[in-house]
Amino acid sequence: MTVCTVVGHVWATKKENSLSGLKLMVVREERGGRKTSAEYVAADLVGAGIGERVLVVSGSTARRACGGDERMVDSAIVGIIDSLEVDREQAGK
């Protein structure tokens with residue numbers, strides 16, 4: 001799982017049939033509590049909004065979360081983070 005921040009929506013009127021019914025969001029990855037420049041699209045399974053920190057899974061885990069391996073999904077938002085605590089001394093080592 002990866003910690004990300006939701007930074008945008010994706011609207012696609014024409015898309016692969018297996019994506020129908022999925023809400024697509026743009027997320028920015030975080031590393032060590034800092035936002036990176038890595039942005040990608042993730043299927044939103046939990047109703048996340050722009051500005052929220054979320055948990056994102058990728059690969060076959062994302063496809064399973066979206067209902068099966070036949071879905072054309074590589075990343076999925078599976079949780080909204082209420083709070084996150086990191087031992088800062090350990091994070092720097």
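The model is predicted, so local features need pLDDT of at least 70, side-chain atom pairs count only at pLDDT 80 or more, and totals for chains, interfaces and linings use all residues. Residues are numbered from 1 along each chain as its sequence is written, and side-chain values use heavy atoms, with hydrogens and water left out.

Start with the sheet. Five strands form a closed barrel in the order β1-β2-β3-β5-β4. The pairing is mixed. Strands here are DSSP runs of E with at least two residues, numbered from the N terminus. Two strands pair if DSSP finds at least two bridges between them. Strands of a sheet pair through backbone hydrogen bonds, either parallel or antiparallel. On average, neighbouring strands of this sheet are turned by 55 degrees against each other, direction ignored. The angle is taken between axes, which are lines fitted to C-alpha atoms, and angles run from 0 to 180 degrees between N-to-C directions.

Now look at strand β5, residues 75-80. Its antiparallel partner is β4, residues 53-58, and five bridges join the two. Ser-58 stands opposite Ser-75 of β5. Strand β5 also pairs with β3, residues 34-44, in the parallel sense. That pairing has two bridges. Here Asp-44 stands opposite Ile-77.

Stay with Ser-75 in strand β5. Is it buried or exposed? Ser-75 counts as buried because its relative accessibility is 7%. Buried means under 20% relative accessible area, exposed means over 50%, and partly exposed lies in between, with a 1.4 Å probe and protein chains only. Contact means heavy atoms within 4.5 Å.

Next come the charged pairs. Side chains of opposite charge can pair when their charged atoms come close. A salt bridge is a side-chain nitrogen of Lys or Arg within 4 Å of a carboxyl oxygen of Asp or Glu. How many salt bridges does this rule give? The count comes to four.

One of them joins Arg-28 and Glu-39, with the closest N and O atoms 2.4 Å apart. This pair links distant parts of the chain: Arg-28 lies in strand β2 and Glu-39 in strand β3, 11 residues apart. Arg-28 is partly exposed at 24% relative accessibility. Glu-39 is also partly exposed, at 42%.

Another joins Glu-30 and Arg-53, where the closest N and O atoms are 2.8 Å apart. It too links distant parts of the chain, from Glu-30 in strand β2 to Arg-53 in strand β4, 23 residues apart. Glu-30 is buried, with a relative accessible area of 10%. Arg-53 is partly exposed at 31%.

Arg-31 and Glu-29 also meet in a salt bridge, 2.5 Å from N to O. Arg-31 counts as exposed at 57% relative accessibility, whereas Glu-29 counts as buried at 11%.

Move on to the loop between β2, residues 23-31, and β3, where Gly-32 is found. Gly-32 is exposed, with a relative accessible area of 78%. Which distance separates Gly-32 from Val-3 in space? Their C-alpha atoms are 9.4 Å apart, although the two lie 29 residues apart in sequence.

The loop between β3 and β4 holds Val-46. Val-46 is partly exposed, with a relative accessible area of 35%. Its C-alpha atom is separated by 9.5 Å from that of Ala-76, 30 residues away along the chain. Not counting residues up to four places away in sequence, Val-46 touches Ile-77, Val-78, Gly-79 and Ile-80.

Met-1, Leu-45, Val-46, Val-78 and Ile-80 make a nonpolar patch of about 410 Å². Patches are made of residues with over 30% relative accessible area and no salt bridge; like charges are joined within 9 Å, and nonpolar side chains (Val, Leu, Ile, Met, Phe, Trp, Tyr) within 5 Å. Accessible areas come from the Shrake-Rupley method with a 1.4 Å probe, and for residues only the protein chains shown count as cover. Ile-80 belongs to strand β5. It counts as partly exposed, at 31% relative accessibility.

Technical notes: Helix = DSSP H or I, 4+ residues; strand = E, 2+ residues; numbered from the N terminus.
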